[in-house]
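Take a look at the model below.

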Amino acid sequence: MKLYIPILVLAVLAFGFAVFSVAMGTFLVGPKRWNKAKLENYECGIEPTPLPLGGVKIPVKYYLTAMLFIVFDIEIVFLYPWAVTFGKLGPFGLVEMVTFVVTVLIAYAYVWRRGGLEWD
């Protein structure tokens, strides 16, 4: 049970920091005078475009691009520690990483063939 104490302490600290940050932003240092300009969305320094009353449908292409980013971002997350400990892993680590990279490349080829990388 002693092994879980640091995890519990970290969780309590994270929760406390989150509550503290929201409370400070809301009650102490947050904006007090509201006006129309402060309540508008900020879009890179340009005037925000008005949206229809029912909202806007976001194209599926947006979500596909986000998922592709996540897949290749996770690949990099796994490649970095492997590269750091490459000497200690030996041939087993090499075979495992080649298998992982081939799996990701198959997914990449599938997305490429299906036109998932085309910007229309």
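Phe 72, Tyr 108 and Trp 112 form one aromatic cluster. This is a predicted model, where local features need pLDDT of at least 70 and side-chain atom pairs count only at pLDDT 80 or more, while totals for chains, interfaces and linings use all residues. Residues are numbered from 1 along each chain as its sequence is written, and side-chain values use heavy atoms, with hydrogens and water left out.

Start with the rings. A pair of aromatic rings is described by the distance of the centres and the angle of the planes. Here, rings of Phe, Tyr and Trp (its six-membered ring) pair if their centres lie within 6.5 Å. Planes under 30 degrees apart count as stacked, over 60 as edge-to-face, and the rest as tilted. The structure holds 4 aromatic pairs. One of them joins Phe 72 and Tyr 108. Their centres are 5.5 Å apart, with 80° between the planes, and the pair is edge-to-face. Phe 72 lies in helix 3 and Tyr 108 in helix 4 (residues 86–113), so this pair ties together parts that are 36 residues apart in sequence.

How covered are these two residues? Buried means under 20% relative accessible area, exposed means over 50%, and partly exposed is in between (1.4 Å probe, protein chains only). Phe 72 is partly exposed, with a relative accessible area of 25%. Tyr 108 is partly exposed as well, at 30%.

The rings of Phe 78 and Phe 100 have centres 5.4 Å apart and planes at 85°, so this pair is edge-to-face. Phe 78 lies in helix 3 and Phe 100 in helix 4, so the pair ties together parts 22 residues apart in sequence. Phe 78 has 47% relative accessibility and counts as partly exposed. Phe 100, at 24%, is also partly exposed.

Together with Met 67, Phe 69, Ile 70 and Ile 74, Phe 78 makes a nonpolar surface patch of about 510 Å². Patches are made of residues with over 30% relative accessible area and no salt bridge; like charges are joined within 9 Å, and nonpolar side chains (Val, Leu, Ile, Met, Phe, Trp, Tyr) within 5 Å. A salt bridge is a side-chain nitrogen of Lys or Arg within 4 Å of a carboxyl oxygen of Asp or Glu. Areas come from the Shrake-Rupley method with a 1.4 Å probe; for residues, only the protein chains shown count as cover. Ile 74 sits in helix 3 (residues 60–84). Ile 74 is partly exposed, at 39%.

Now step back to the whole chain. It has 4 helices and 0 strands. Helices (H or I, at least four residues) and strands (E, at least two) are DSSP runs, numbered from the N terminus. Phe 17 lies in helix 1 (residues 5–28) and is exposed, at 58%. The C-alpha atoms of Phe 17 and Leu 105 are separated by 40 Å.

What is the radius of gyration of the protein chain? The value is 23 Å, whereas a compact globule of 120 residues would have one near 14 Å. This radius is taken over C-alpha atoms, and the globule rule is 2.2 Å times the number of residues to the power 0.38. Of the 120 residues, 7% count as buried.
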